[in-house]
Amino acid sequence: MIYEKQNGVPKFECFEYAEKKKEYVVLIPIINEGDRIAKELTRAKKHNVSHYADIVICDGGSMDGCTEESKLRFLDVNTLLVKQDSGKQGAQLRMGIWWALERGYKGVITIDGNNKDSIEDVPHFINKLEEGYDLIQGSRFIKGGRAINTPFIRTVSVKLIHAPIISLTAHQRFTDTTNAYRAYSRRYLMDKRVQPLRDIFMTYELLAYLSVRATQIGMKACEIPVTRAYPKAGKIPTKISFFKGNAELIGILLKNATGTYNPR
């Protein structure tokens with residue numbers, strides 16, 4: 001089924017392999033992740049993640065065969081959403097969030113599709129949502145978390161730049177703010193003071209914004225320990241270029257800090 005472009009939601013195609021089965025959903029934005037997404041979904045299947053939440057792939061237009069239907073069905077994917085519009089990660093997440101809210105989920109968990117994160121920890125995010133938290137941030141840097149083979153420059157950037165700026169903006173301390181492994185309550189996503197479904201969120205703006213808006217409006221937020229593991233050798237699985245990508249992230253952080261993304 002094709003959903004035409006709406007205000008704040010890109011045009012996309014929906015391949016629904018199963019009906020809604022759970023109260024929570026895991027949204028996985030990907031584009032050309034190759035065997036990395038297959039490995040991540042295999043881990044999810046091994047740890048019965050689909051027993052806790054429906055798994056939905058938010059594809060940006062992969063051409064490498066990683067979204068082949070028989071593979072996804074075998075690995076317990078509930079639905080595949082394929083963006084047919086402009087934008088990057090932010091647009092993919094807006095597509096997934098809109099669809100999840102329309103389907104009636106109580107909460108949304110997001111996780112990258114490059115097999116760096118401990119997808120087996122999904123039940124812990126759900127537990128926190130059930131306890132009444134509206135934003136749950138996964139962190140490799142708190143007690144119980146594990147940072148494996150994290151490049152030195154990444155650790156420095158997160159701890160000395162990204163996390164302090166986000167923490168100051170949110171008025172609450174966070175330690176792993178570039179990590180997209182997190183959860184949001186339905187209440188948070190639907191609050192009129194939040195409005196995540198806006199075309200201003202095209203790349204990484206939405207992650208930064210949703211990191212701070214919950215506590216700004218008096219909602220409950222916390223961190224839980226997770227594992228993020230980079231490969232020992234070879235190319236780092238990331239869509240952010242070192243110079244241009246990080247410069248854009250700094251710009252987003254500063255706009256976020258000055259309230260640029262807040263609803264008017």
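Select D176 and R140 to begin: both residues are buried. This is a predicted model. The two side chains form a salt bridge, with their closest N and O atoms 2.9 Å apart. D176 sits in the loop between α5 and β9, and R140 in the loop between β7 and β8, so the bridge ties together parts that are 36 residues apart in sequence. Side chains of opposite charge can pair when their charged atoms come close.

Next, select R103 and D54, whose side chains meet in a salt bridge at 4.0 Å, N to O. R103 belongs to helix α3 and D54 to strand β4, so this pair ties together parts 49 residues apart in sequence. R103 counts as buried because its relative accessible area is 15%, under the 20% cut-off. D54 is buried too, at 3%.

Now select D76 and K45, another salt bridge, at 3.4 Å, N to O. D76 is in the loop between α2 and β5, while K45 is in helix α1, 31 residues apart. Are these two residues buried or partly exposed? D76 is partly exposed at 28% relative accessibility, and K45 is partly exposed at 31%.

The structure holds 17 salt bridges. To see a network of them, select K5, R94 and D199.

Move to helix α7, residues 205–216. The helix reaches 17 Å from its first C-alpha to its last, close to the expected 16 Å. Of its 12 residues, 11 are buried, including Y209 and R213. Just after α7, G218 takes a positive phi of about 85°.

Finally, select L160, I161, I250 and L254, which form a nonpolar patch on the surface with about 370 Å² of accessible area together. Helices α5 and α8 each give two or more residues to the patch.

Technical notes:
Residues numbered from 1 in each chain as written. Predicted model: local features only at pLDDT ≥ 70, side-chain atom pairs only at ≥ 80, totals over all residues. Heavy atoms only, no water. Helix = DSSP H or I, 4+ residues; strand = E, 2+ residues; numbered from the N terminus. Expected span 1.5 Å × (residues − 1). Buried < 20%, exposed > 50% of the residue type's maximum accessible area, 1.4 Å probe, protein only. Patch = residues over 30% accessible without salt bridge, like charges linked within 9 Å, V, L, I, M, F, W, Y side chains within 5 Å. Areas by Shrake-Rupley, 256 points an atom, 1.4 Å probe, with all protein chains shown as cover.
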